[in-house]
Amino acid sequence: MSDVNLQSVLLEYGITAARITKIGGGLINSTWKVTDGKAAYILQQINTHVFSDPYLIAANTQSLKEHLKTTGSDYPLVAEIPTSSGKLILQKAEGHFRLLPFVDNSTTISVVETPEQAYEASYQFGSFTKAFSTFDAARLHTTIPQFHDLALRYAQFVDTAKNGNKNRIAACKSEIEAIQSHAYLVNDWQQFVANSEARQRVMHHDTKISNVLFDDAGRGLCVIDLDTVMPGYFLSDVGDMMRTYLSPANEEEADYSKLQVRPEFFEAVAKGYLQNMADTLTSVELRSFAKSGGWLTYMQALRFLADYFNDDRYYGARYELQNLVRANNQLALLRHLLVHEREFQSFVMRNFR
Ligand code: GN1
Ligand code: MG
């Protein structure tokens with residue numbers, strides 16, 4: 001999208017003569033940093049193929065903001081700024097937009113390089129859910145239905161492996177086999193969610209490291225990218241942190257030998273999260289802590305491979321095999337995680353039960 005259109009979007013917020021820079025490695029929405037001399041903002045165009053009702057995103061942030069106000073919490077929630085006429089989500093011919101404050105003196109990182117960073121980020125996601133421990137999560141709208149439903153993701157995968165791009169499917173026998181050989185993870189997950197001790201809370205659902213703001217000293221400040229904040233299970237955030245913080249190489253890495261699972265980074269994730277959440281998690285949840293990494297990594301492998309069979313219509317692709325590479329990357333990471341699962345779970349039981 002050209003700057004000209006964005007200038008007219010910004011005008012609705014009373015912002016003129018802004019400097020606009022495209023940022024972010026997000027796969028779904030488009031994001032820009034906007035500076036108008038005295039203040040800085042984040043402007044985002046919401047992908048309405050993914051968020052079919054973008055107004056729900058802002059409605060959720062408002063409910064959360066209200067809760068923080070009534071409980072006197074000083075949690076730094078990054079909420080939408082209204083247009084001059086009071087709209088939190090702005091609809092224009094080009095699409096739907098939202099404007100957010102750019103948090104002063106904050107930086108983001110794109111790879112987790114030290115256990116301290118993993119600890120800080122995990123502490124922030126724990127602290128986010130904890131800030132809403134007395135808020136009824138059922139009051140939140142579901143911005144993407146069944147977003148982290150592993151059984152649904154598996155069923156969608158099976159469907160695309162039948163009905164998707166024939167050539168791509170035919171060339172992926174070994175990947176399909178690898179997916180099938182791990183299908184027991186879906187049953188494991190189903191057993192977990194069927195347990196009455198599995199609680200629904202206010203969860204973030206997208207805990208990649210670039211969704212945490214840090215200060216200059218490397219301390220975590222808050223979490224951002226709240227479009228997937230919905231009622232959910234603890235495993236979504238803990239599992240996605242395990243998926244994205246434990247390996248020195250990320251989901252785009254095509255040299256799978258670079259994928260590793262670093263135990264001291266798991267320990268940092270567990271400590272950071274449980275510092276805030278150990279008292280709230282039920283014993284069934286605590287006992288499934290380390291399993292969450294496998295569940296979320298398997299889900300991401302299913303989603304990437306399904307999208308490859310669907311001609312990349314959800315995630316897009318900068319090169320022909322990108323979603324296949326991502327799927328194989330996640331399968332390789334999954335194997336590493338499963339090797340460490342027992343050892344990781346006993347770390348949790350030793351230190352937090
Ligand atoms: C998407 O767009 P982004 O980077 O915030 C996706 C997540 C995936 C992630 C994988 C709404 O997040 O679920 O884990 O890509 N978000 C949505 O990189 O599908
Ligand atoms: Mg996101």
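H96 sits in strand β5 (residues 95–101); strands here are DSSP runs of E with at least two residues, helices are runs of H or I with at least four, and both are numbered from the N terminus. Before going on, note that this is a predicted model, where local features need pLDDT of at least 70, side-chain atom pairs count only at pLDDT 80 or more, and totals for chains, interfaces and linings use all residues. Residues are numbered from 1 along each chain as its sequence is written, chains are lettered from A and ligands numbered from 1 in the order in which they are written, and side-chain values use heavy atoms, with hydrogens and water left out.

Is H96 buried or exposed? With a relative accessible area of 13%, H96 is buried. That word means under 20% relative accessible area, while exposed means over 50% and partly exposed is in between (1.4 Å probe, protein chains only). Leaving out neighbours within four places in sequence, H96 is in contact with Q44, Q45, I46, T48, P54, Y55, I89, L90 and Q91; contact means heavy atoms within 4.5 Å. N47 is 49 residues from H96 in sequence, yet their C-alpha atoms are 7.9 Å apart in space.

Now look at T31, which is part of strand β2 (residues 30–35). T31 counts as buried because its relative accessibility is 13%. Setting aside residues up to four places away in sequence, T31 touches T21, K22, I23, I42, L43 and Q44. Its C-alpha atom is 24 Å from that of E120, 89 residues away along the chain.

**The magnesium ion**

Which residues are the protein donors of the magnesium ion (ligand 2)? They are D206 (OD) and D225 (OD), at 1.9 to 2.2 Å from the ion. D206 belongs to the loop between β6 (201–203) and β7 (212–214), and D225 to the loop between β8 (220–223) and β9 (230–232), so the pair ties together parts that are 19 residues apart in sequence. Donors are N, O and S atoms within 2.8 Å of the metal (3.2 Å for Na, K and Ca), and since water is not among the atoms, sites may look incomplete. Both D206 and D225 are buried.

**Helices that cross**

Two packed helices are described by the angle between their axes and the distance between the axes. Axes are lines fitted to C-alpha atoms, for helices over the stretch in contact, and angles run from 0 to 180 degrees between N-to-C directions.

| Helix pair | Axes come within | Crossing angle |
|---|---|---|
| α9 (residues 263–277) and α12 (residues 322–352) | 11 Å | roughly 40 degrees |
| α3 and α8 (residues 234–245) | 11 Å | roughly 165 degrees |

That makes α3 roughly antiparallel to α8, whereas α9 and α12 are oblique to each other. The cut-offs are under 35 degrees for roughly parallel, over 145 for roughly antiparallel, 65 to 115 for roughly perpendicular, and oblique for the rest.

In the α9 and α12 pair, P263, F266, E267, A270, K271 and L274 of α9 meet H340, E343, F344, F347, V348 and F352 of α12.

For the other pair, the contact is made by A118, A121, S122, F125 and T129 of α3 and D237, M241 and Y245 of α8.

**A closer look at T129**

T129 lies in helix α3 (residues 115–131) and counts as buried at 3% relative accessibility. Not counting residues up to four places away in sequence, T129 touches R201, V202, M203, D237, Y273 and M277.
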